[in-house]
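I opened this one to look at how the parts of the assembly meet. Here are my notes, in the order I looked things up.

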Amino acid sequence: MEISIKKEDIVSALNTTLGVVEKRQTLPILANVLFEVDENTFKLTATDLESEVTTSGLLSKIKSSGKTTTSAKKLNELCRLIPDGEEINLSLSGEKLNIKTTNGKYSLSTLPSSDFPVFDVDTGDLPLIIPAKDLKELITNTSFAMGNQDWRHYLNGLYLSINGGEITAVTTDAHRLAVANLASQSDISFSGIIPRKSINEMAKFLSDEDGDAKLKINEASLELAVGDLIFKSKLIDGKFPDYQQVIPSGESSVLEINVKEFSETLSRVSVLSSEKYKGIRLITANDGVRISANNPEQEEAEEFFPANYNGEELDIAFNVTYLQEIMSHMQTETCHINFFGSDKSCLLTPPGSDSPKYVVMPLLI
Amino acid sequence: MKLLALVDCDNFYASCERVFRPDLKKTPIVVLSNNDGCVIARSKEAKAMGIKMGVPWFQVKEAYLAQGGKVFSSNFALYGDLSKRVMNILDGMVKRIEIYSIDEAFLDLQHIQNKNQAYEFGVYCRNTIRQWVGIPVRIGIAPTKTLTKVASHIAKNTNDGTGVCCLNKQKDIFHILQALPIREIWGIGHNLSKQLNQLGIYSAYELAQMDIRFIRKKFSVVLERTVRELRGEPCIQIDDHSEPKKQIVVSRSFRDRIESLSELKALISNFAVRAGEKLRHEKQKCSQVSVFISTSRFNKKLQYRGFDSFQFPCPIDDTRSILMGANKVLNTIFKHGYPYAKAGILLSQFSHPAFIQKSLFEATDQLRLKQDANLMQTIDELNSIHTQIYYASQCSGGLSPIQKKMVSPKYTTNWWELPTTK
């Protein structure tokens, strides 16, 4: 193998693959990226055995094709530090990958490409085509509520359901729940849990610009294609809780708040909440809500937040982080907080819309 | 100048044994660890006989007993109760107190302005504790916590009989620090003292004269605090709000090796019950219970260590839930055919009951929670007055069949072991 690639092309491709490479691998080869050259393109593949990403780019020159694997981290750091605009010459000599630039030469260890794990998943042929921007928004609006290293493994991911022309994304860590919907033309029917790491990678791959994402999915795996990039992931084997059961309904007391101002007030008051529990107390009244917090050092904070409120007086406490995260994902100017009682969950939605919606359980006080 | 005091009980465990045995006033006393393994406390007379701290009992037993020494198994019920009595007296004397350990407390002497008053307070304090509880204490008075430790050290080594040392003049402090090796300073351990020696710092005075910026850069902010405190600048405050515990461990080494699951299960259940009591006493709830079992590290042929955890969906403080979780874990980690020498239970991931996060998927029945809490409280109260309520999986005999052949009566905590007079 002997080729030349522009610095920017190889750095961009390597950046895409780095997220999948595990920092602490079980097999040494999982720290490597598979480098394949064919005709006038190069292809990079990385895997952690649970997911795999493949991306490609154009070569400047090619003398001979070939394939090998080398450390993704070292290759990326080296290429990133080479001056912009340089052409990088890569050649395989025995077990070494030699890199030449205008003034330098470097030699990296390799492992045989035949040892690189093949990520064999069959996701079917029928892709679901969604605007990449919409899919990214669906993920962004919900992924923050995923479980993180929860013992209930099925909570450590995003539940995706495609049914009746609607795509629904649901996440929960058992204390809060996020649900977002997206209309789709497809008649595919599916539901499964995408692992947390894969969701975070997918959010990076989906650009904010126009363009379509192709999603192939079955009970055990998914494949996402965006431009030249193909990302495959295994799904979590488990039953997602019946989330519809925990979305409160019925008569509620509604507090209408300005998202930005409410978020700023929460930030101020939470400075004096307990560092560990982050509890804040809301006491609603006709003309607004009194927000207070205190900590074990006997320090206290209290602010009155003027807002429209329709309902009975309530005294309820929440983990302030949960409310702040929801506020930071609300794209509307105002938000409705629906209370169903001081010891029951509350529902947060944009005014006049059903998506995204968030459910938060209170703290017992 | 604001002053602090350190009240330190002399040879505490040995002194506790003497409270109800005045006949042992001049007799050497040693107290042994659980299973009567090592010496963990020595009276002044036992120290003079050359008995070292932590020495295995079998190594010194014969020579010690031959010289008329008296030995006791540890009696933590007695020591804990006498400690509580000492601390209660101190608490009544000052506005702020930090109970630092079972036998040490820092006092804030903000109401005292001059050295004479402080000294008189120290003597009064010492005499009161001696008269009311029978425990001898020594008292170090100084402007900082580190210097109170130095003062306490001086009080221990001077023979004026008062047991009180007050350091509040810079000249006196520096004079004493010049003669004090750095390894005697609070917070300076063996390794740090070696590193400082390599820099030519041998006395507390030399350390106090070091450049603060150098100390912070070369060592740590902790040592910088020590240096400043030696100079009389208070950096370490009286901490009268004890930090809530982050975990509770109940573990024991066994005198005899245990191979059967049922026997181990009964002991783990005893540990779980004790851990539950401690958890409720701390007014906390836990979300995780872990169990560990291990063979002896000296058994080179059969070595096994098992550890695993059980996660609760919601924070709990109910012994029945802890027992359920612990037994599940034990069933998964237990391996047949190993002689187990040690086991324990660990409660972690604590929540304060005032901040219990409700779960979306596990219903919390408020009435049931209240009933369960009442049940636990009732059992705790009954057990505290010695009516032992057992859970089905427990075994009798306490936390483990440990050997305590020479234990003194629980004079102050058990009606049946009250001292009698002729």
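I began with the two chains: 21 residues of chain A are in contact (heavy atoms within 4.5 Å) with 18 residues of chain B. This is a predicted model, so I kept in mind that local features need pLDDT of at least 70 and side-chain atom pairs count only at pLDDT 80 or more, while totals for chains, interfaces and linings use all residues. Residues are numbered from 1 along each chain as its sequence is written, chains are lettered from A and ligands numbered from 1 in the order written, and side-chain values use heavy atoms, without hydrogens and water.

Next I checked the area buried between chain A and chain B (accessible area, 1.4 Å probe, lost on being put together, summed over both): about 1,900 Å², with 65% from carbon and sulfur atoms.

I then looked for strand pairing (at least two DSSP bridges between two strands; strands are DSSP E runs of at least two residues, numbered from the N terminus). Strand 27 of chain A pairs with strand 13 (residues 356-357) of chain B in the antiparallel sense, over two bridges. There, L363(A) has Q357(B) as its bridge partner.

For salt bridges (a side-chain nitrogen of Lys or Arg within 4 Å of a carboxyl oxygen of Asp or Glu), I found zero between chain A and chain B. I got zero again between domain 1 and domain 2 of chain B, whose C-alpha centres lie 24 Å apart.

Definitions and conventions. Buried area is the accessible area (1.4 Å probe) that two parts lose on being put together, summed over both. Helices (H or I, at least four residues) and strands (E, at least two) are DSSP runs, numbered from the N terminus. Domain bounds come from an automatic or database domain assignment.
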